[in-house]
Amino acid sequence: MFHHSKSRLIGISDGVFAVVLTIMVLDIKSPVSTARGPMIDLIKHLLIYFISFGIVSEYWVYHQELLSGIKRTTPLLTITNIYYLVFISLTPFATGWLNDAFMERMPSMAYSVVIILVNFTQAVMFHEVVDIGEEDGMKMTAHDREEYLASEVMLGISVIYLVFAYFTPKYFLIVIWIGLALRTIVTHVARAIERIQTRKTNK
């Protein structure tokens, strides 16, 4: 009679993502004048916002792929997903702190720790979803294996972010931007190669 609802899990997840993506823009303050100083602050805030928006959007893309194939959820996956949303919800706080103390060690480290926690719970969820799929007789495709590996790579990269945040916080955002760009490029290249190989196999 009682079971864990996959649709409700997706519903609350999408709601949290929508709120997080929306409220981050509230940290961007209108410049009090058009002088050079306030305009530089505005550009800085916009840059941090775009990076945070890109990171959270990337997590949403992974999340919707993660839950799209399985037909059911489990108590363990539901609990892990809740903790995942907790850490996602900390992104606006970390973004706001980074806005207020740009290029300083503590806010950069806090931002990195939030990313590590999100990536860790995401990697755990990938493992749990694979277990559910295998129990239901599903087999991993090449795309599935690519996404599963990517979740582990993202966790490793986030640890690198923390190292840069501690030793060179002034380059922290540049490193994160490079990480996002590389992840996007690698994904597109890998999928292009996969399509080419599939066409050759079909011929």
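Asp41 is partly exposed, with a relative accessible area of 38%. Here "buried" means under 20% relative accessible area, "exposed" means over 50%, and "partly exposed" is whatever falls in between, using a 1.4 Å probe and protein chains only. Asp41 sits in helix α2, and its C-alpha atom is 24 Å from that of Ser57, a residue 16 places away along the chain.

Before going on, a word about the model. It is a predicted one, where local features need pLDDT of at least 70 and side-chain atom pairs count only at pLDDT 80 or more, while totals for chains, interfaces and linings use all residues. Residues are numbered from 1 along each chain as its sequence is written, and side-chain values use heavy atoms, with hydrogens and water left out.

Now step back to the whole chain. Along its principal axes, the C-alpha trace spans about 60 × 50 × 30 Å. Of the 203 residues, 39% count as buried. Contact means heavy atoms within 4.5 Å. Among contacts with a separation of 6 or more, 81% are between residues 24 or more positions apart.

Let's go back to α2 and look at its partner α3. Helix α2 covers residues 36-68 and helix α3 covers residues 75-89; they pack at an angle of about 170 degrees, with their axes 13 Å apart. That makes α2 roughly antiparallel to α3. The axes are lines fitted to C-alpha atoms, for helices over the stretch in contact, and angles run from 0 to 180 degrees between N-to-C directions. Angles under 35 degrees count as roughly parallel, over 145 as roughly antiparallel, 65 to 115 as roughly perpendicular, and the rest as oblique.

Which residues make the contact between α2 and α3? From α2 come Tyr59, His63 and Leu67, and from α3 come Leu77, Asn81, Tyr84 and Ile88. Sorted by class, this contact has five nonpolar, two polar and no charged residues. For that sorting, Ala, Val, Leu, Ile, Met, Phe, Trp, Tyr, Cys and Pro are nonpolar, Asp, Glu, Lys and Arg are charged, and the others, Gly among them, are polar.

Some of these names turn up again inside the protein. A nonpolar core is a set of buried Ala, Val, Leu, Ile, Met, Phe, Trp, Tyr and Cys residues joined through side-chain atoms within 4.5 Å. The largest one here has 42 residues, and Ile55, Tyr59, Tyr84, Ile88, Tyr111, Phe172 and Ile176 touch the most other members. Each of α1 (6-23), α2, α3, α4 (91-100), α5 (105-135), α6 (142-167) and α7 (172-202) supplies at least two residues of this core. The largest share, 10 residues, comes from α2. Take Ile88 as an example: not counting residues up to four places away in sequence, Ile88 touches Val16, Phe17, Val20, Tyr59 and Val118.

Ser158 lies in α6 and is buried, with a relative accessible area of 0%. Leaving aside neighbours within four places in sequence, Ser158 is in contact with Ile115, Ile116 and Asn119. Ala150 is also in α6, and is buried at 7% relative accessible area. With neighbours within four places set aside, Ala150 is in contact with Tyr62 and Arg183. Ala150 and Thr187 are 37 residues apart in sequence, yet 8.9 Å apart in space, C-alpha to C-alpha.

Finally, how many salt bridges does a search of the whole structure find? There are two, a salt bridge being a side-chain nitrogen of Lys or Arg within 4 Å of a carboxyl oxygen of Asp or Glu. One joins Arg72 to Glu135, with the closest N and O atoms 2.9 Å apart. Arg72 lies in the loop between α2 and α3 and Glu135 in helix α5, so this pair ties together parts 63 residues apart in sequence. Arg72 is partly exposed at 30% relative accessible area, while Glu135 counts as exposed at 60%. The other bridge runs from Asp136 to Arg72, with the closest N and O atoms 3.1 Å apart. Asp136 is in the loop between α5 and α6, 64 residues from Arg72, and is partly exposed at 38%. Through shared partners, salt bridges join Arg72, Glu135 and Asp136 into one network.

Terms used: Helix = DSSP H or I, 4+ residues; strand = E, 2+ residues; numbered from the N terminus.
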